[in-house]
Amino acid sequence: MIEIFDVHRPGPDSKKIPTIPKRKSKKGQKGIISCLDFCPDYSGLYAAGSYNRSIGIYDELNHELCLKLTGFEGGVTQVKFSKDGTLLFSASRHSDSILCWDIRDSANILYELPRPGKTNQRISFDLDATGKYLSTGDQFGNVLIYDISTGEQESVEKKDRLVQTFHGHDDIISCATFNPVYPVIATCSGQRKFRLPKDSSDEEEEDEEKLVIDNSLKTWRLPGQYEWYSYENQHDTTMDTTIDDQVIITEETTTVVIET
């Protein structure tokens, strides 16, 4: 079920949209709706991911299911449209890749972005303000930066999209996100860990295995800087945040450790 709130009105009033299949049409989406994303091209579409291993594309006006994507290894944990609204990226549980879907005509998988993630934990990804780069973490504490753009003479399937990778944390990275204004990436890590009780009857006590716990938030500086222009200048005022293959993450600016 999808629940819609009017943020301009106070109170708990909402509109509930059932997504389960109907008996007559059998058209719908089962399972808990785990994530949502609205298409940025104002086409009136939004995507809904389900723990039942499916993604539904809905119409904002009548909330009808327009397209259904299936074939995931686990429950869908994140969906995100590209800046032009022609592609849809998705992540799921127990999956070692982020999928890029072509939702214009074929609704097929264009390519996969490798990202180790054999876990139930949600590992989020993000797109930068230009829509050219995708950032994500993996279960080994690495940060991955991918180039999701495709030139006219480049092959969509064969292009090497990995721009840079570096080790950022000593535990699983649950999120890696771009700052929409400044050339900065923020990452956070951590997961629940439990120590099993040992049998006291054992004569020889084995050395306790050291648990690696890294519950931290870090920010990373990207190469390049912003320039300011006055209103009188008529030339291009876009900011240069191009990620160079040779030098990408140059400095760790802040680390916040969260003790649990």
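**View 1. Side-chain contact between Asp171 and Lys193 in the predicted model.** The side chains of Asp171 and Lys193 are joined by a polar contact of 3.2 Å, and the model in which this pair is seen is a predicted one. Asp171 belongs to the loop between β14 (162-167) and β15 (173-178), and with a relative accessible area of 6% this residue is buried.

**View 2. The hairpin of β15 and β16.** Strands β15 and β16 (residues 184-189) run antiparallel and are joined by five bridges, and the hairpin that they form has five residues between the two strands. Within this pairing, Ile173 stands opposite Ser189 of β16.

**View 3. Aromatic pairs.** Four aromatic pairs are found when the whole structure is searched. The pair of Tyr46 and Tyr58 is stacked, because the ring centres lie 5.5 Å apart and the planes meet at 15 degrees; as Tyr46 lies in β4 (residues 45-50) and Tyr58 in β5 (residues 54-59), this pair ties together parts that are twelve residues apart in sequence. Both tyrosines are buried. Phe166 and Trp220, by contrast, form an edge-to-face pair, with 5.0 Å from centre to centre and 65 degrees between the planes, and this pair links β14 with strand β17 (residues 216-221) across 54 residues. Phe166 counts as buried at 15% relative accessibility, as does Trp220 at 7%.

**View 4. Arginine charges over tyrosine rings.** The charged end of Arg93 sits over the ring of Tyr51 at 4.2 Å from its centre, while that of Arg161 sits over the ring of Tyr111 at 3.9 Å from its centre.

Terms used: Residues numbered from 1 in each chain as written. Predicted model: local features only at pLDDT ≥ 70, side-chain atom pairs only at ≥ 80, totals over all residues. Heavy atoms only, no water. Helix = DSSP H or I, 4+ residues; strand = E, 2+ residues; numbered from the N terminus. Buried < 20%, exposed > 50% of the residue type's maximum accessible area, 1.4 Å probe, protein only. Polar contact = N/O pair within 3.5 Å; in protein donor to acceptor, adjacent residues only side chain to side chain. Pairing = 2+ DSSP bridges. Phe/Tyr/Trp six-rings, centres within 6.5 Å; stacked < 30°, edge-to-face > 60°. Lys NZ or Arg CZ within 6 Å of the ring centre and 35° of its normal.
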